[in-house]
Protein chains: 2
Amino acid sequence: MENVRVELGPRSYDVRIGSGLLPRLGRFALNLYAGRKGGRAVVIADSTVARLYGKSALASLAAVGFDSRLIRLRAGESSKTLATYGRLLDRLLSFRPPIDRSTLIVGLGGGVTLDMAGFVAATALRGLDFLACPTTLLADTDAAVGGKTAVNHRAGKNLIGVFQQPRGVLIDVDTLKTLPRRQIANGLAECVKHAVIRDERLLAFIESNVPAILACKPAAMTRLIAWNVKIKAAVVSADEREAGERAHLNFGHTIGHAIESAVGYDKIGHGEAVSLGMVAACELAVNRGLLSREDASRVHDLLECLGLPVKRRGLNPAALWRIMLRDKKNRGGKVRMVLPVGLGKAKIVDEITKEEFLLCCVVHGIKIRED
Amino acid sequence: MENVRVELGPRSYDVRIGSGLLPRLGRFALNLYAGRKGGRAVVIADSTVARLYGKSALASLAAVGFDSRLIRLRAGESSKTLATYGRLLDRLLSFRPPIDRSTLIVGLGGGVTLDMAGFVAATALRGLDFLACPTTLLADTDAAVGGKTAVNHRAGKNLIGVFQQPRGVLIDVDTLKTLPRRQIANGLAECVKHAVIRDERLLAFIESNVPAILACKPAAMTRLIAWNVKIKAAVVSADEREAGERAHLNFGHTIGHAIESAVGYDKIGHGEAVSLGMVAACELAVNRGLLSREDASRVHDLLECLGLPVKRRGLNPAALWRIMLRDKKNRGGKVRMVLPVGLGKAKIVDEITKEEFLLCCVVHGIKIRED
């Protein structure tokens, strides 16, 4: 088992990673409250995760004295709406006896569940304690750490939400065994992202452990996730509200979000879109002389080897550009993007031009040029 | 003009109070951003306030270079719903060019507008800067300071929301001239509340300035509002997230909220309900020996003199008690209430019993016993 501390002053918290942790959820939750016995805990999970792990989570909470309840939401990105948010609140606020400010919300599942459950926790009774139990590799390495909560809007992804840190994060790597291979690849895109922007040694670790990682061996996954959580925690500690270097975590995401928006959130995985976005961003970096052709190829080849897409037909680069112009991180109408500077470093570039972007795409698909 | 600083470390802000301030809104907004020229400002106001002051606010913002827009909501407590919140976001996120994180949200109006606009600002793009321009005495002395944002739920009032401080507050006392007398009385209930829990001298000031206050004379209102803002600011500074003494601000509100919920939010003014709640809470305090009969009468008589209700028929005390049990500030099923300890001090009492509460009410109305 590994423990990573996310340092955020009075909002600091622990991320615990290992095998066999979910049955110890109740104990972990109880330890957050010195001397407290039980209270109320509400687990929010999608129907798939509820079927697989709901009983185990509730039993673990009940065993230490929590009055524990479960709220289900429909699986999938299409649940990440204000309508679903309203229904979750309806359920939460209709419990008898009514919830109070000592009620703990537990998000159990992937990124959609954690984003939604986190937003519910942040806004019900003006803020309840939140505990994140991610069950996907993408959520382990991305959504679980950093305190971003979110709901999509038809105008774009994650346009509604708040920053609210969880009280703790519990990652049971055993839950990855029930995850479809495509979902594992989705999470690996975030791992490659962290490696490219912060730590070339992580890139080397992934390269030399592909079989163990793709098979979700507990030891390899514990090490991989802890490494990624450490990187993300360091970035978030330095810049909680995304005023500066936290933006580096958006490497691959500006283009990735535009692809998700163009294709439809339910038609392409987040990591798949980010993989395409990273390949394109590397290409932009090569074009600007920030990254060598060899390093760009290394990223490209690793993504491909992990089962992630590195090209896709049927995308309109000009349409992607229009969507990118709407990104909430832009200021003053310019597109901001994160580009790698060698491997293990990154910088924010504020003035990516349309011409530059189109140069890295060919018509009929975001197939990156490989001259 | 008076200026009150709300001290909250990095979230500190100024509250400016005086006559003729709304036409200087643009200048005030610009001063929040050192060296910045304009940008985007979105004013949220209900249809009544938009008609009276919308043009002046927009013109003032435009004069200093803001690209300023207006979003209207329907007037009244019935607008304080997740459905209206969703529609406000729809409008905000559909602007072209799209809003970004530098966009400023201005809430112009009463408590409903400020609570809703504040929640929109707190959650759009995970948090935009918010400037509050209250136009009612209730909002001047209550909603504008403290960073509470809120949406009602059918399970109760203000059950959804976050704590998010504004960047600044601008109070133009001239806007009170267009306010119905009943609304002035609503705000005066909060002023009496502040006096009872914190400052007997404020009670004396109100007692000796009733005609000027009821006529909304600018000098009297500026002094009255600044005094109240100072009291509220001091309480909020000491306890931003309502962990301790900020709860004193709930004096009269536990019973008041229950009355609003029982009668219907659109059928009784917030201050009217709080007035009834304060009379009942004073009675509980007399019953416990915390307050003299003379002091309770002084509060009762001042409220009556200000045009506020001190009794009301047709309320069922047992039903009120059931609603009070649902209050989000309760912990562990007990009813918590704030009682005055003499005039100018208050304490939190955690274990008000049903019997004690009913003793202070008579059947068929919350008419307080005056033996």
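Modeller: Axes here are lines fitted to C-alpha atoms, for helices over the stretch in contact, with angles running from 0 to 180 degrees between N-to-C directions, and helices are DSSP runs (H or I, at least four residues) numbered from the N terminus. This is a predicted model, in which local features need pLDDT of at least 70 and side-chain atom pairs count only at pLDDT 80 or more, while totals for chains, interfaces and linings use all residues. Residues are numbered from 1 along each chain as its sequence is written, and side-chain values use heavy atoms, with hydrogens and water left out.

Biologist: Why is H6(B) called oblique to H11(B)?

Modeller: The axes of H6 (residues 181-198) and H11 (residues 270-287) of chain B come within 7 Å and cross at roughly 40°. That makes H6(B) oblique to H11(B), because angles under 35 degrees count as roughly parallel, over 145 as roughly antiparallel, 65 to 115 as roughly perpendicular, and the rest as oblique.

Biologist: Which residues of H6(B) and H11(B) make the contact?

Modeller: Contact means heavy atoms within 4.5 Å, and the residues involved include Arg182(B) and Ala189(B) of H6(B) and His270(B) and Met278(B) of H11(B).

Biologist: How many nonpolar, polar and charged residues has the contact of H6(B) with H11(B)?

Modeller: That contact has four nonpolar, three polar and four charged residues.

Biologist: What is in contact with Ile206(A), leaving aside its neighbours within four places in sequence?

Modeller: With those neighbours set aside, Ile206(A) is in contact with Cys191(A), Val192(A), Ile213(A), Leu224(A), Leu302(A) and Leu306(A).

Biologist: Where do the axes of H6(B) and H7(B) stand?

Modeller: The axes of H6(B) and H7 (residues 200-207) of chain B come within 6 Å and cross at roughly 145°, and among the residues that meet are Cys191(B) in H6(B) and Leu203(B) in H7(B).

Terms used
Chains are lettered from A and ligands numbered from 1 in the order in which they are written. Helices (H or I, at least four residues) and strands (E, at least two) are DSSP runs, numbered from the N terminus. Ala, Val, Leu, Ile, Met, Phe, Trp, Tyr, Cys and Pro count as nonpolar, Asp, Glu, Lys and Arg as charged, and the others, Gly among them, as polar.
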